[in-house]
Structure formats: structure tokens, C-alpha cells
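Please examine the sequence and the model shown here.

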Amino acid sequence: MKTTISLVFALLSACSVFAQVTIDATNWPYGADQIGNYWDYFNTASNTPVNIAALNPSAQGGNWDFTNGPTTSTATSEIHATGDAPAPAPANTSYTEYQTMGGSAQWVYEDELADGTWGRGISQNGSVYTYNAPQWNIYHYPMTMGSAWTSAWTWSPTEGMDITSSRVNSVVGWGTVTVPFGGPLSCLVIRTYSTDHIDILGIPYSDENYRIYEWVVPGIGSVCTIQSVSMEANWNFTTAAGYYRLSASNLGGDLLDPTIAGVTVLTDTPFPGPYAVNATITDASGIDSAALFYSIAAGPWIAVGPQSVIGDVFSFQIPQMSGSPVQNVRYYVWARDAATNANTAVSPAGAPGTNYSFNWINDNIPPAFSSVTVWPSPTNFNGPYPVHATITDDNGILFASIHYKFGGGAWQEAPSDSNTGSAYHFTIPGISSTTIIRYYLEAVDNSGFFNTGFHPAAGSAGPIVFNAVFTVPAAPQVPLNLTAIQSAGHILLNWSPVTQDVNGNPVTVSGYNIYRGLLADGADGLLIGNSPTNSYTDLTAPGAGNLLIYHVRAVTP
């Protein structure tokens, strides 16, 4: 529905979340060949709150639902022959549109050309007013996302009154829309800045401007319009002076989306493709077009048409893969029926946000090892022998283990003790006599191909070898850096952990004995406790005025 200075209301329509639409003279239901078309709307009788920012008319692939709203006030539009309207009709009029809103009515004299729908003039209260050239380009063909056009014209409803009008239009959104008439319907969203300036005998009399959003559907026309109050400066306005929702029409026919079923669900595979995807697509109006959209490694969506159509079965193909070893492939199926309003559907529902996906896994590369512990030979240490390594793979590590053997014994295997990220930790048990120790690491990746790597690469045929020399356990070193802090009736002792024996070999201590006395050489020291860690709190120390001497001794198992 069009807008004028006296009777202003535009109508929104729906956009498809699945595909953009194009509107031109072939699918726009206005023109001399469309006489008899009618549209009935619910509209607001007075200003009503709206939240344009939340509606987001500029959405790409939006879903707008205008089902609910006021129903007490109505507006209508009908296409008539030129002779049905008051005469004389302005030049180039080929049909008329009769509009009502509440108790008001008007005729709009129009013409449809290959480049758009044009307003030639208006009739109100039985009088005809002609728009001066270049006249009003109501809709400009073709309309698609990003289309823009402007109009400017003058007209004089009474002697001495001049009205200068302008419209700045742009298509800012697309998706699907639902109104009381039905839906979801594929749509475009037109944003219009409307101005009308009135002079009476050369004296400025009135200025009006409106910001308008109109949802338009191919084959049906305007289905919903939201118009601001006059002089609104913000496109995200919060009060609507006009709010029109299509409730009935003799247009539209099939409002049901195509049905897409039986889509091939591809699973992770080493096969590089191409990959066949079949889908059964049906609709009472027939299928106008269908496509498979696919995306590789989060790249752009690429559309391909069907390779073949046999009955209702559409066969598509995702091309052969190449490049990096692991790539994620997303895909969905889209279809549009042959109904006048071109209903669309996707599978899975909600695509492309929701989609089918699989991984092409072309991984024949085993895990990689670095920073592996190499015990020197000889090693004067009885063990256990910790072994650390960094193990990485593009697909992650499924399992890692250490293989070891003592002298001429059999190979033994033990899983990793733990790992933090790619840092893995293993343990070779301790010895009770001097022996040769051989060991190597094994890791299996998580690619599904179970690629297995070894370090050293030869595995059991070329392990790391060292001579483990059994040594009679020597006494651990004396704990160093002993400190004592007195506080609130107790004394806190701290010291450095002991990790070596007196010969400088690694040692494992089971704890620490704590002695307290009065002599510096510790001769009178008494055992007062034991700690498994390198700290101890003495809760039995004598009070102030006493000189206390503490000694700490490391204890081996």
C-alpha cells in the first residue's frame, strides 16, 4: 500500500531467512493487468509503542512475526480500472488504487512500467490532483537487497497551496515475515524517508516527515508497514503513527513451504570426495529451484545446483577436497516452490546457523615428540627414573606409553602417569642391582586412523640406553636454609627440600625429623616431631627468655 500526504499508510512484507528475493514487474501484483486484486489490513487507530531496534528491520535473513496486534481498526486497498475513479485522470494513468483507512478514502492514479510503479496523482473528496513530473516512483524494479531510489514532485490540492513531496527509498533487509494473512513469506524490507512541505501563497505552512519500514512479498505485495510519528529523527523510533498488518487478500495461493526430507547425512571420512548428497523435495505448487550450500573450514557458503532430478529426488555434489589434513565441511539444502509468493525452506531447519557437517580427515602423520628426557650413562641412581616428553598431533593424542626393559629381560609397557596439555610424564621403576636400562616412547593420535609414532623413531630396535649403577643408599644431604619465626605461642620452621644424597646423587626422602635443644652442636637435641614436607610448627616451645636450637634431618624410606 502506498502513502500520501493526506492518507498515509505503507505495508510491510516478509523476507526469507533462507534466500534473498528479487521483485520486478513480473511478480509484483500492481498494474492494469491486476484489476480486482485487494488487500485488507489491521492498523492502529492511534499512536502505539514499537521497538524498531529490537525488530531489526535491517537484518539479513531475519524472521519477523507480526501475527499479534490490534484488530479493531482496518484499512483496505483495491486495484480498479481507470474509469472507476473520478475524472479526469492524470496523463499516463493505466489503473487506479482505491484506499480506505477508518472513515477516510482516496484514489491513487498509478502506472506500472518495466522500471517501476509510478504515482501520477490523487483524488480526495471527489477532486483530482495531478502530480507534476518527475512524479512519484513508488516501487523501482528490480528490487533486491541494496536497491535504492528517490522521487520528488509537487502538486496543488487547492488554489494557492503548493505541496512539495519527496521519498528516499532503500531495500535494507531480507528474510521471512508472518502476518495475520499467513506466513512465513519470503520478503524484502524497504526503508522510506517521506517528506511533505506545504506553502500557502508562498508562505511556509507545514512540514511533515516520516520514517517508514515496509515488508514486501513477491506475488502478494505489501504485507506490513510501520510508520513513525511526524518529525521523527531516529530510524530506531519507539512510537508508530501507522502500523499495518495484512489480514486478507485474494493473492498468495500456496503459503506452505516446500518439504525437504531424506537429506544424506555424511559422517567423518578419509575419502576426499566428491560427496553425493540426495534430498527428497516436494511441494503442491512444484519446485521452482533448489540448491545445496556448503562451506569448507568455516569459509563462505557456496551454492551448487542439482546434478540430477529424478522425480522428487534431487542429487547434489560437494566437490573433492584438497589441502590441509583435517577440514570441517558444513552443508544444508535450500528449495523454493513455484507458488506466486515463492515459499522457501531449508534443511536442517534454521540453516545456515544450524547445518549438517562432517570432517574430512586425511591424516597419515604420526604424533611428534620433543624435549624427551635422556638419562646419562652411567647414572649413579637407583630410581625410579622419571621421563618427560612433549607429544603433539593435529588431532590430539589418544594414548601414550613408555616401553622399558632391564638388561636381557622382556619389554614392559606402562601408560603415562599424567599429562598437562602436550606435556606427558612417565616413570621407569627403580633398580636393586646395576643393570642396562633401555626405553622408548609410543603415542597414538586421535584421528581415527590411529597413526602411531615412536621416540626414538626405531622404537624397540633403537631405544635410549643407559647404564644404571646401583649405589648403596647414602645419607641425604643436610637440609639448608633453616628459618624459625616465632608467633603467638608457637614457632614456624621452614627449610629447603632435600633432593640429593651426600654424594650428589638424586635421593627421595620420606620426611624430616625435627630436634630441639639448647646447645649449638645439637648434642642435647630431643626429637620433637616429624614432617613429610619442608615445614613444621612447634607448638610446645618454651616461652620467652629461652634460647632454642633446632636441627632438621632428612629421612630416607
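## Cysteines and disulfides

With a disulfide taken as a pair of cysteine sulfur atoms within 2.5 Å, the count comes to 0 disulfides. Cys224 is in no disulfide, and its nearest cysteine sulfur, that of Cys187, is 9.9 Å away. Cys224 is buried, with a relative accessible area of 0%, and Cys187 also counts as buried, at 0% relative accessibility. Here buried means under 20% relative accessible area, exposed over 50%, and partly exposed in between, with a 1.4 Å probe and protein chains only.

## Basis of the model

This is a predicted model, in which local features need pLDDT of at least 70 and side-chain atom pairs count only at pLDDT 80 or more, whereas totals for chains, interfaces and linings use all residues. Residues are numbered from 1 along each chain as its sequence is written, and side-chain values use heavy atoms, with hydrogens and water left out.

## Nonpolar cores

In soluble globular proteins, nonpolar side chains tend to be buried together. A nonpolar core is defined here as a set of buried Ala, Val, Leu, Ile, Met, Phe, Trp, Tyr and Cys residues joined through side-chain atoms within 4.5 Å. The largest such core has 54 residues, and those with the most contacts inside it are Phe66, Met143, Val177, Trp215, Val223 and Ile226. Strand β11 (residues 161-179) supplies the largest share of this core, 7 residues. A second, separate core has 24 residues, among them Ala389, Ala400, Ile431 and Ala468.

Strands (E, at least two residues) and helices (H or I, at least four) are DSSP runs, numbered from the N terminus.

Asp111 is found in strand β6 (residues 104-113) and counts as buried at 9% relative accessibility. Its side chain makes a polar contact with the side chain of Arg120, at 3.2 Å. A polar contact is a pair of N or O atoms within 3.5 Å; within protein, one must be able to donate a hydrogen and the other to accept it, and residues adjacent in sequence count only if both atoms are side-chain atoms. Leaving aside neighbours within four places in sequence, Asp111 is in contact (heavy atoms within 4.5 Å) with Asn92, Ser94, Tyr95, Gly116, Thr117, Trp118 and Arg120.

Asn92, one of these contacts of Asp111, lies in the loop between β4 and β5. Although not a glycine, Asn92 has a positive phi of about 70 degrees, and at 54% relative accessibility it counts as exposed. The loop between β4 (73-80) and β5 (95-101) also holds Pro88, and the peptide bond from Ala87 to Pro88 is cis, with omega near 0 degrees.

## Strands β17 to β21

Two strands pair if DSSP finds at least two bridges between them. Strand β17 (residues 275-282) and strand β21 (residues 313-318) run antiparallel and are joined by 6 bridges; the partner of Val277 in β21 is Phe316. Strands β20 and β21 are also antiparallel, with 3 bridges, and Ser308 stands opposite Ser315 in β21. The hairpin of β20 and β21 has 2 residues between the strands, and Gly311 takes a positive phi near 65 degrees there.

Gly305 is found in the loop between β19 (302-304) and β20 (308-310) and is partly exposed, with a relative accessible area of 40%. Not counting residues up to four places away in sequence, Gly305 touches Ala290 and Phe316. Gly305 and Ala291 are 14 residues apart in sequence, yet their C-alpha atoms are 4.7 Å apart in space. Ala297, in the loop between β18 (287-296) and β19, has a positive phi of about 55 degrees although it is not a glycine.

## The β25-β26-β30-β29 sheet

An open sheet is formed by 4 strands in the order β25-β26-β30-β29, with antiparallel pairing. Strands β25 (368-370) and β29 (418-420) stand at the edges, each with a single partner strand, so one side of each is left without a neighbour in the sheet. On average, neighbouring strands of this sheet are turned by 35 degrees against each other, direction ignored; the axes are lines fitted to C-alpha atoms, for helices over the stretch in contact, and angles run from 0 to 180 degrees between N-to-C directions.

Strand β29 pairs with strand β30 (residues 423-428) in the antiparallel sense over 3 bridges, and Ser418 stands opposite His425 in β30. Pro378 is placed in the loop between β25 and β26 (385-392); the peptide bond from Ser377 to Pro378 is cis, with omega near 0 degrees.
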